[in-house]
Structure formats: structure tokens, C-alpha cells
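Please read the following note alongside the sequence and the model.

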Amino acid sequence: MTDFENRARSAGAALRDWTPDGSAPTPDTAVRRAVHRTRVHRATAGGLMVAVLGGVGLLWGPTRGDDVRTSPATSTDDVTTTTEAPDPTTPTTATADPDPGADPAEPVGTTTPTTATPTTTAPPEEPASTSCTGQVAGTGITFTATVPAGWHTNEAAMGEPGCHHFGPQPVELRPTETEAGVGVASNAVVQLFVSQGPGVPIPFDEWVVVMAEQSNVTDFRRDTVDGHAAARLEQVTSPGDDVPEGGERYAHWIIDLGDVWFDAVTTSEPGVSYEESVAAIDQIVTSLDLTG
Amino acid sequence: MAAQPDTLTAGMTVRVVRTPRVRTTPMFSSLYQSEFQPLLRIAYGLTGSRAEAEELVQETFVRCYQHWRRVETYDKPGAWLRRVLINLAYSRRRKLSTELRALTRLGARPAGPGASELGDVDEAFWAAVRRLPRRQAQAVVLYYGDDLPTEDVAQAMGCAAGTVRALLHQARTTLAKVLDTEEQS
């Protein structure tokens, strides 16, 4: 047996002998998570059904938008974000005018929802959307993005800029080991990042043609985001790429900002359905207001 | 501890404990008990982080429960678990490296490694394994770390046993060179 083989077997034995101290999670923990996830998926599907039925009801009901009168939001001097006016087809939601004092040049990555004061007695409301400001790394470009209703974004921390990670739960950044050292991971579902720095190796138009022909791309379209050329695609992994059965789905936006490409990506994550993730990424990206 | 009264009377405070409606089948619990530690070691070999390893193993069992009707019919559910685990580990690494690329462009400096669970020599070996190409690293962790024969490694990886032997050969060549260089330096 060679020295290497001895060392490999010794390292293998050390790994098998390793008995982690502390209490291990029980089977019930995994089962609860599985059950919760199934319920969330069912609730999402049920919510979509209710929304569809509600939409049908509105079509047959009175004229839309006449049901509720709402007041504008109150705002404070240090608010850097705004509450968006909700869909007029949702009559019980309080609306709020965008804060005219909001300054996109405020410190990057802060998010403070503006207070919205309903003037009607209405059933419990859906949380309103907020927006956040961020900066495209390596450029002088700043942006504002809508944070979907009920979702959260990250504050700048650990070298990671704010307004880049979005999720239905409060976004937490944490250092974690990777193959290239230690990076930052998060519990976010949608991430923004710069995929191509200065000196992009392939023109955007050529890349678009190549990507549109990939066999695992299930949906592809060219688009524009705030006047910049962009592409939106959805992919599904092949068996063995991710889970054994394959079928993991990803939605991806790429925006051509000239010197850099600014990307957004999402996939199905625990506690949120793929459909909700896709709706969120589409809302975030199409809301981008790029300046500079 | 105060003795529990046998009967309820007026004015007595009663705490109602609602038991979560969770059905953990005996077979699932048995599989969990027997496979949790081996899977945790595989995950640790692949990630080098206990916290990440625990999260990956939990997620593996979540998916196992979600597919339990199918998994319980398998002759070797452990092979299915290993396959899910190594794919989840790869998926996680891919996602993290996406974020890391963004961080690198921001000029963020990676911090130092986390606390190690094994001795220095063995940690160095598994750290070198993690720098191998994905399939080679998976084959090494399953073969040396989980002590599986190549046929079982092949089943867990979803490939032929000959492919596993080829991957192990490539990995041994690379690792011998890397570890030798590290020791000399």
C-alpha cells in the first residue's frame, strides 16, 4: 500500500470516527420542515386560486377602484424608501404616495418602510411593497428596486452591499466557507450580482443568441430594464445536476450595462415556491431604476 | 415536582398542550437514526463546515420525507440519501461561488477558515479533496470517508463502477501531488 493510500485511509477512518458533540436534530425536525413546506406550497396554490376567483368576482362586481378611499402615507425626514401604491384591484389595501423627499443618493442599501395609515376599517391587509437603494459593484451606477410585499432585503454588511439579497424571511448574511475561501451566504431567495466585469469577453447580443439555443433553457426572451438591453431566461437542470431526478428550476435576468452585466437569479428554496420566487424576481428587476 | 391531581375541579388552571400533527413513521425514524451520522460525515468531508453539514443533512431528510412513499420502496434508501446529499452540497457550493464571484469583484477579502473538527493532518487531506473537481471529490469522500465499495459509490453517484474507479484514479494522482507539495512547502 502506498504512502498516499495509507494517508487516505487514515483520513477516512478519522472522518468515520468523528462523533460530533452536542445534540443532533431529531427525525421530527425534518418531518416538521417537510410538512411546513408542503403547507406553504399548498397555501400558495390556494392563494393563487383565491386571487383568480377574486379577479373573476371583480369583473362581475361594481366598478373597480370606487370601494375605498385611502390617505397618503406619512413620512419622516430620514426615510430613504417609499411605499408603493398597491394594485387598484385590491380595494382593501391602504395606498401611499411615493415619498417625494426620498433621495436615491442616500447611503446605499438602507430600507425603511414608510408608515401607511389606512382610514377605513378593513380586514387585515396585505403588507405593502417597499423599495431599497443599492449600487452596482465596480460602477458608479446606483439603483432603486422594489422589495415585494412582505419580503425583506439585506442591509450592507461584511463587505456585501445592501439591497442585493431578497427573501420572504428577514435576510441574514453569514460568513461561510467555500471552495475559494470564506464568502458570504444568506437565506435570501433572489440575489443580485455583477456577472461580468469590465472587459466583457463576449458581446451581449452574441451571448443572447447562444443562450437562447441551450437545450435546458425552457423560456427565453429579450427585454429592456430601465432602457438597458436585458434577457430573461428560465432553465431546468438535468438529472444529476442538482437533485438526482433533475428538474430544479432557475429564473435568471441579465442586464447589459455596457462595461458590466448585472444579474438576478432565483430558484426554489425552502419555504417559498418557485412561482412566488419568479414573481418576486420579475417584480424586483422590472422595478429597477438605474442612475449614473 | 408536584403530584398531578387525578381529577379536575373548578378554578384549577389547566395547561392545554397541543401536540403537533406530525407523523413520523417508524421506518423513517429508523432510517434517520442509522444514516444521520454517516451522512453528516460525508457532508463534512464535502463542505468542511459542521454547520453547513448539519443543514445539508437536514435538508436531505426533508426531501426524503417529501418523497417517502417512493423512497421506502427502495432496496437501498441509503444510496438515494447519499445521492441527494452530494447533489445538494454541489448545488450549495455553486450558489455560494456565485455570490463569491460578486464579492470578489467588490474586492471583499475572504476571512480565515472555521473551526476544524478533525486533526490537522486529516483536515489538510479533506481540504485538498474539496479542491478537486466535483465528481472526483464526491468519489473520494464516499470511497474513503464513507468506506463504500466502488459499486455502492457508483450507485450513490448515479454512474458506472468503472467511472468511479477512473475518478478515484484521477483524484489519487492529483491529491498525491498536491499533498506532497504542501508538505514540502
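1. Cys132(A) and Cys163(A) form a disulfide, with their sulfur atoms 2.0 Å apart; the term denotes a pair of cysteine sulfur atoms within 2.5 Å. The link is right-handed, with 60° about the S-S bond. Cys132(A) lies in strand S1 of chain A and Cys163(A) in the loop between strands S3 (152–153) and S4 (165–167), so the bond ties together parts 31 residues apart in sequence. Over all chains the count is one disulfide.

2. This is a predicted model, in which local features need pLDDT of at least 70 and side-chain atom pairs pLDDT 80 or more, while totals for chains, interfaces and linings use all residues. Residues are numbered from 1 along each chain, chains are lettered from A and ligands numbered from 1 as written, and side-chain values use heavy atoms, without hydrogens and water.

3. Cys132(A) is buried, at 1% relative accessible area, and Cys163(A) is buried at 0%. Buried means under 20%, exposed over 50% and partly exposed in between, with a 1.4 Å probe and protein chains only.

4. In chain A, three strands form an open antiparallel sheet in the order S1-S2-S12. Strands are DSSP runs (E, at least two residues), as are helices (H or I, at least four), numbered from the N terminus; two strands pair if DSSP finds at least two bridges between them. S1 (130–135) and S12 (289–291) of chain A stand at the edges, each with a single partner strand, so one side of each lacks a neighbour in the sheet. S1(A) and S2(A) (residues 142–147) pair over six bridges, and Thr130(A) has Val147(A) as its bridge partner.
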